[in-house]
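Here is a short briefing for a first look. Please keep the sequence and the structure in view as you read.

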Amino acid sequence: MTMLALLLVANAGAFGLLPSPGAEAPGSSQAQLFADANAAYLSGDISRATSAYEALIAEGVASPTLETNLGAAYLRQGKRGEAALHFERALFLDPSDDDARADLTELRRGNVDKLEGEAEEGGSETLARVLAPLPGGPASVVFLIAWCAGWAFLGLRVFQPQRRGPGTWAAAAFSVAGLCALITWGAAHGRKLALQRAVVVAQSAPAREGPQEKSATHFEVHEGTTVRVEDEEGPFRRVKLANGLTGWVSSVAVELVVPPGWAGRPVMAGPSRASQP
Amino acid sequence: MRRGWKLKRTGSVAVAIALTAFAARAAEVELTATADSSEVALDGTLTLQITATFASKGSVTPSIPAFADFDVVSRGQQEQTSFQFINGAPSFRSTVVTSLALTPKRAGDATIEPIKLDYQGRAYTTQPIHIKVLPVGATPSPQAQRRPPPQRNNPFAGLDPFDTTPGGPDPFADVHPGQKDLLLRASIDNDHPFVGQQVTYSLYLLARSNVSSIDKLSLPRLDGFWTEDIESPQQLVPEPKILDGVPYHAFLLRKRAIFPLRPGKVTIEPSEVEVLTGFGMLFSRGTSKRTSQPISLDVQPLPQGKPANFDVGNVGQWQLTASADPLTVNVGAPITLRIVASGRGNVRDLRMPRLAPIQGLRAYDATTSDKEKVEQGAVMGTRTVEQLLVPERTGTVEIPTLTMDIFDPAQKQYRTLRTDPIQIRVAPAAGGGTASEPVAQNVLSAGGVRPIRLRFTTATLGTPPWSQPWFFPLLALPPFGLALLLGLSGARRMMQIDPNVKRVRLARSAATRRLQGAQALLAKGDSAAFYAEVARALTGYLADKQGVAAAGLTREELAQALQQRGHSEDLTRKLGRVLDDCDRARFAPTAGEAPAREAMLGRAEQILSELDRA
């Protein structure tokens, strides 16, 4: 049992069990490129800063700081959709990133789309925000350890009924396991919601009745609006707004907050956003 | 690069145009006479230029007096007539320039007598010119060298071929044309410039014969230079020049400022020109092609000791100023900061200082504009950077000194230009203060994009544990493991049972099997064996289960032993009777009838059941 616990903890980082902004030291060349991008941003050369930040992302760097800065650069360029996307990604990587949250709030004040009506999702946005900071990774590890420990103590209780203590310890371990299971479940649910989140990056995109160009247009969404992707069919995605408004939007116009290849999300076949016209 | 190029001597053309109808229109005559120096050596030559300008078409000839103190060595005359419409009416203006080369007759003070001109019945006279004649071999002082003053409407003004401003050498100093009457001459004013320093490239046509026009002027490629045209004359304007004692006309074809971009030796390829000689188009004698000589430059790298912030584009003689407008402003109102660098040099490569972030001032992206002009043969430029600043707090905000490091090729040293600091007084915004609270308030509203972060941290991305394939199997492992352990424990207990205990547990089944054997014997009709087997079933059970060896006991001892084990008296009595009946039947076969034997089986099973329950 002790060996199992040590093994789990030792491999927690390797399996991405623990949310760890700052857990990995960036390479010196990446740090230099990041510093150059920041210098360009501060000197007013926003386009050069944006290119440098994007180059880091193209290298596979996942950093809440990088995403926040890139979002700010896009916002200064007036690209609200891209800015919102990168602020959302910063929050996915580090839900406690206060700068990204504040910038996203500021950005949304200027959004074209203003949602009306009751939130049909029952406040899924709020729920996602509440669940996102839950330490799902560590909780799941503790849950596993406590679960195994509980059963071990229960076994002792069965086989050595004359000994005092295993029963109490078993009860305590199962209590801890239950609490951690609850946290893990919450984190898993929050993650499921996060994986469905997307941002409209096109200036405007028609939302249609079906996944076809000839389908009638119901309404229009504009850059910076956050949506939930419920389905995908060909070059279209079925998106739902927070107030329940649903329609099919071109996949190019809507970018997933958690891109393929991130956090265990499968890499989908097909052209990436960068290669799309 | 080859360009179509055509210059005409408009004076010759004008002669061919007979528009004499307007000649009668009287006009003012300007007559001037200038000498190129106030001093001349006794063995030297003085150039006297007489210019007559009058408002009509045609030609006049000033009257040259017989000079008392000078001999006339050579004489040349050029004429030019311009034609234009003024207020809808055609208007002519003619200029006649007469150049005389004079040599003094004696040393001492000399005088050039006034020049006279009679035009349409009126006489015009110039002032006498006093010249100091120095002894043979003496050199006139530089202050004595003077150029003809610029004259209003003088078409030759500013076209002094010897002006390779500023301070350039005479481009014809080393020209010895020999017997050539037409040659193309290229020159530069500095063959050891620094990188980024202006060099003036001039191209002259020297002619003894009359030049009608220029065709197909090909200028060299100037790779490795940034270039700017200084003069590109559209008309051929001759200037007299005496080379090796022979009078020539020098025609400036092109003057261009070039700025070397790299250090090292560079050769400027020759230029080429086709010249049409003769008088005008009707009397042209032919076309001659002339090529200039190549020119070599040795471009010097900038000297050592560059300041840390020096940019290689900042070469020239520059001045830096900064200004802000307005200097008193309300919070949130814009201020325009202008940083201006002006001077001589290549403005396009100039790197301007940048304004560092200032606490309390929000700075927006700067815009840059350039202006260029040519002054006295030098390319002058002005670069203006305008930046919008918005104060975010009240009080005094200072824009600090801005610095720009330059290299001054004239002084051959680096210099640091500095602007004066600018104080801006920021007052509260309109409506931000109240009468009862005169102190300025600093209103800090939440919002706006936050500043970027500079510390680079990365996050590790991975699949969460609950999505790993081992997660749920690992969860199921403990309960299954415990269940397995329990099963194995039970099996082990079964494997390790005591034979006596096992015999006790299996006593009933053994007794049952014997009764079944007795039933088989009953079916065969062997009554003695039947009763013996029934008795063995009961005694065997008693031996296995109760630990009572019935065979060695009397009925009373057997009943007593069973009663000691908690069995009832009635049960012991029944057991004794059954055992007695079995004994009697075994040894008295006639007493055992079939119904009695079957009843015996029932009685034996009942006793076993009761013994089992007890």
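**Two chains and their contact**

Among contacts in chain B between residues at least 6 apart in sequence, 72% join residues at least 24 apart; contact means heavy atoms within 4.5 Å. In chain A, 58% of the contacts between residues at least 6 apart in sequence join residues at least 24 apart. This is a predicted model: local features need pLDDT of at least 70, side-chain atom pairs count only at pLDDT 80 or more, and totals for chains, interfaces and linings use all residues. Residues are numbered from 1 along each chain as its sequence is written, chains are lettered from A and ligands numbered from 1 in the order in which they are written, and side-chain values use heavy atoms, with hydrogens and water left out.

**The chains**

- Chain B contains 8 helices and 31 strands. Helices (H or I, at least four residues) and strands (E, at least two) are DSSP runs, numbered from the N terminus.
- Of its 614 residues, 42% in chain B count as buried. Buried means under 20% relative accessible area, exposed over 50%, and partly exposed in between (1.4 Å probe, protein chains only).
- Chain B has an accessible surface of about 32,400 Å², and 52% of that belongs to carbon and sulfur atoms. Accessible areas come from the Shrake-Rupley method with a 1.4 Å probe; for residues, only the protein chains shown count as cover.
- Chain A has 9 helices and 8 strands.
- Chain A has 277 residues, and 45% of them are buried.

**The interface**

- The size of an interface is often given as the accessible area lost when the parts come together.
- Between chain A and chain B the buried area is about 4,100 Å². That is the accessible area (1.4 Å probe) that two parts lose on being put together, summed over both. Carbon and sulfur atoms give 67% of it.
- Chain A brings 60 residues to the contact, and chain B brings 33 residues.
- There are 5 salt bridges between chain A and chain B. A salt bridge is a side-chain nitrogen of Lys or Arg within 4 Å of a carboxyl oxygen of Asp or Glu.
- B:R453 pairs with A:D97 in a salt bridge, with the closest N and O atoms 2.9 Å apart.
- The largest share of the side of chain A that touches chain B comes from α8(A), with 12 residues.
- That side of chain A has 33 nonpolar, 18 polar and 9 charged residues. Ala, Val, Leu, Ile, Met, Phe, Trp, Tyr, Cys and Pro count as nonpolar, Asp, Glu, Lys and Arg as charged, and the others, Gly among them, as polar.

**A:T68**

- A:T68 lies in helix α4 of chain A.
- A:T68 counts as buried because its relative accessibility is 4%.
- Beyond its neighbours within four places in sequence, A:T68 is in contact with several residues, including A:F87, A:D97 and B:R453.
- The side chains of A:T68 and A:D97 make a polar contact (3.0 Å). A polar contact is a pair of N or O atoms within 3.5 Å; within protein, one must be able to donate a hydrogen and the other to accept it, and residues adjacent in sequence count only if both atoms are side-chain atoms.

**B:E610**

- B:E610 sits in helix α8 (residues 594-613) of chain B.
- With 18% relative accessibility, B:E610 counts as buried.
- Not counting residues up to four places away in sequence, B:E610 touches B:L571 and B:K574.
- B:E610 and B:S568 are 42 residues apart in sequence, and their C-alpha atoms are 9.6 Å apart in space.
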